Amino acid sequence: MEETSREAVATAVQRVAGMLQRSDQLDKVEQYRRREARKKASVEARLKAAIQSQLDGVRTGLTQLHSALLDVKDIQGSLIDVSKDWRQSINTIESLKDVKDAVVQHSQLASAVENLKNIFSVPEIVAETQQLIEQAELLQAHRKLMELECSRDDLMYEQYRMDSKNTSDMNLISIYFENVQGLSDELAKQLWMVLQRSMVTVRRDPTMLVSVVRIIEREEKIDRRMVDRKKQTGFIPPGRPKRWKDKMFEVLEGTVSTRIEGTQAVTRETDKMWLVRLLEITRKYVLDDLIVVKNLMVQCHFHLHYKFIFFCLYHNAVSTRVKELASEDLEANEIVSLLTWVLNTYKSVEMMGHPELCSECDINQLEPLLPQDVVEDLLSKYVKTFTSNITGWLRKALETDKKDWQKETEPEADQDGFYQTTLPAIVFQMFEQNLQVAAQIDGDFKEQVLKLCLKQMNTFLIRYREEVVTYKEEHLRDRQLPQCYVQYMIAIINNCQTFNESINSLKRKYSQSSEPTESDATIERTLNEVAKEGCQFLLDEVFLDLEHHLSELLTRKWLTGSHAVDTICVTVEDYFNDFNKIKKPFNQEMTSEALRRVVVEYIKAVMQKRITFKTADERREGAERMIKEADQFKFLFRKLAAGEDTDWLCGAITAIAEVFKLTDPTLLFLEVTTLVSKYPDIRSEHIQALLAVRGDASREMRQMIIGTLTENKVSYSSVAQPIFKDITVPTITMTTMTSMATAKLLK
């Protein structure tokens, strides 16, 4: 308490200090005092009100507790009085046992009197009911049957109430009504017969189906009532519950299954298209039946629940049959037919998605016809079979194409005149057919098959490349065979471009992704390699024919008037008349490569030092001949459209000729420097060989030129197509040096 007082005083001091911080605030002390007094009075008033409210609540609670105590005492007294009255009435209740028995007996007698008429007329009613069943008057027969069962059940129930252990009386009643159960079974048979023929009945006599449904619904209600009474009394009549509704669904299920199985008349042995026909018949039967259910069953008072059950029954029956088909040893085309039907046709407007059925049943609410694992197994089996088949197809197509390579007639040309074989068309027709089939199943599987096709294509192209190399090697053993080697090699080169175009076409048509894959890059690389190797093989063929004429270049025979270059140009032009039937860009690349090889072979002839000019006239004559022949090459390959490299490549021959043509040896360094500046990939051994062919350069001059050029060597890394890089200069061996020294000594 003291601590609270101290805290209050401290707070008050702090507040007063806050109010009186400035001298002008002293004038307002009286106002502050009155304001604080009002606040204090207000707080005290609220405090008094709160305390008064609490006191009133306590007073009210005490009053209510006192009243409750008095009520408890009154109830206690009443319970004591009730206990006394109950003890006094026990004897009275026991004396009323006889009255109770009399009441039960009276109830039984009343029930017997009530059913007396029916009891005496049981044989007559049984006979009438039997006749009505035979006459197919099912509703009237069921009404009579219910009367008999009601009489029997009431008598048995009363007997059960009187003495549930008296089985003899129960048996007596059962024996008397023994024909009733037989009538019930006979009526049930008639009902099941009608339901088994429900699709025919609903078309011919819908009222019969109405009667059957009403009878089953009535029996279902009686079953529920009897089951409820059993829970209360423990008694249930014999034969109950009948569960005719459950039996109805069993019969309908069997009927639908029989209906589906009845469509399976075709087999693989009698028809290759057996599965397609079977599925189409199933589709037609199911669609027709469900439209009947939707339209005619309404007239038979089939409410939505029954129609939905029919949909489920047909769905389950089709699912069972489809699972049986899936478990058979299906071929690849049969797997596709089945999956296409299951995944697409079944849900389409041609069947369960038909406009007349959409309002009755949402097919998406039903379970899939085939479980996902079964679908995946079938797809896996198809992929495995397809892989095996396509490998065989590709191998067979390649073998057929290889046989064409040996023909003595030229290959066919396309509309633009380019040679080609049928291999690309055959291969991609196979791919196209299988992708069309895969697309019928779903988009993901189509993508999977496309990837598989590209993978197989990659493997096939590796084999194709190997066969092309083998084809070339066999030709080199006897260049006369096959007769159309050049033309078929051209067709092989063109096939590579056709393959590439076909692959791109397939991807655009069947792939949703435009991103290139690793397989695409591999295929493109392999096709380019095959095409370029084919071009190389053709150029090898050309230069094998030119080998003899190339060996005459830069020799004495050449200097004295050989026609080697004329023959080379004619031969090249003759070959390129066929090479014009190579598609772009390979024909242009091949022309450029041919020019490069001609120039390289010409320069090699220079570097091999087949001739050494002895006089200035020989150097002039040789240089002029080289310039003329460079112009011949330039003219020829411009005619063949070799591209922009013609001047640059042929200019190398001209530049070398200028080195030979120079008459003043003192200017030789400048001429060689000009040559090196134009063709930076030239090496010192090339310069040395050129000077050796020139024949008048002293040893000191050669060393000075080579030394200076070596010190000021220019990098040729920026040269797009170096000429001299791959040209080797023959070295002088020890044997050659010995023979040269011996010759000098002999002189």
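Predicted model: local features only at pLDDT ≥ 70, side-chain atom pairs only at ≥ 80, totals over all residues.
Start with helix α18, residues 443-477. Its 35 residues, at 1.5 Å a residue, should span 51 Å, and the C-alpha atoms at its ends are 51 Å apart, which agrees. Next select Asp442, which caps the N-terminal end of α18. One of its side-chain oxygens lies 3.3 Å from the backbone nitrogen of Asp444.

Now turn to the aromatic rings, which form 18 pairs. Select Phe428 and Phe499: the ring centres are 5.8 Å apart and the planes meet at 50°, so this pair is tilted. Phe428 belongs to helix α17 (residues 423-441) and Phe499 to helix α19 (residues 485-510), so the pair ties together parts that are 71 residues apart in sequence. Both Phe428 and Phe499 are buried.

Move to helix α22, residues 564-579, and select Phe576 and Phe579. Their ring centres are 4.8 Å apart with the planes at 75°, so the pair is edge-to-face. The two residues are three apart in the helix, about one turn. Phe576 and Phe579 are both buried.

Finish with two charges over rings. Select Lys242 and Trp244: the charged end of Lys242 sits over the ring of Trp244, 4.7 Å from the ring centre. Then select Arg597 and Phe543, where the charged end of Arg597 sits over the Phe543 ring, 4.6 Å from its centre.

Methods. Residues numbered from 1 in each chain as written. Heavy atoms only, no water. Helix = DSSP H or I, 4+ residues; strand = E, 2+ residues; numbered from the N terminus. Expected span 1.5 Å × (residues − 1). Polar contact = N/O pair within 3.5 Å; in protein donor to acceptor, adjacent residues only side chain to side chain. Phe/Tyr/Trp six-rings, centres within 6.5 Å; stacked < 30°, edge-to-face > 60°. Buried < 20%, exposed > 50% of the residue type's maximum accessible area, 1.4 Å probe, protein only. Lys NZ or Arg CZ within 6 Å of the ring centre and 35° of its normal.
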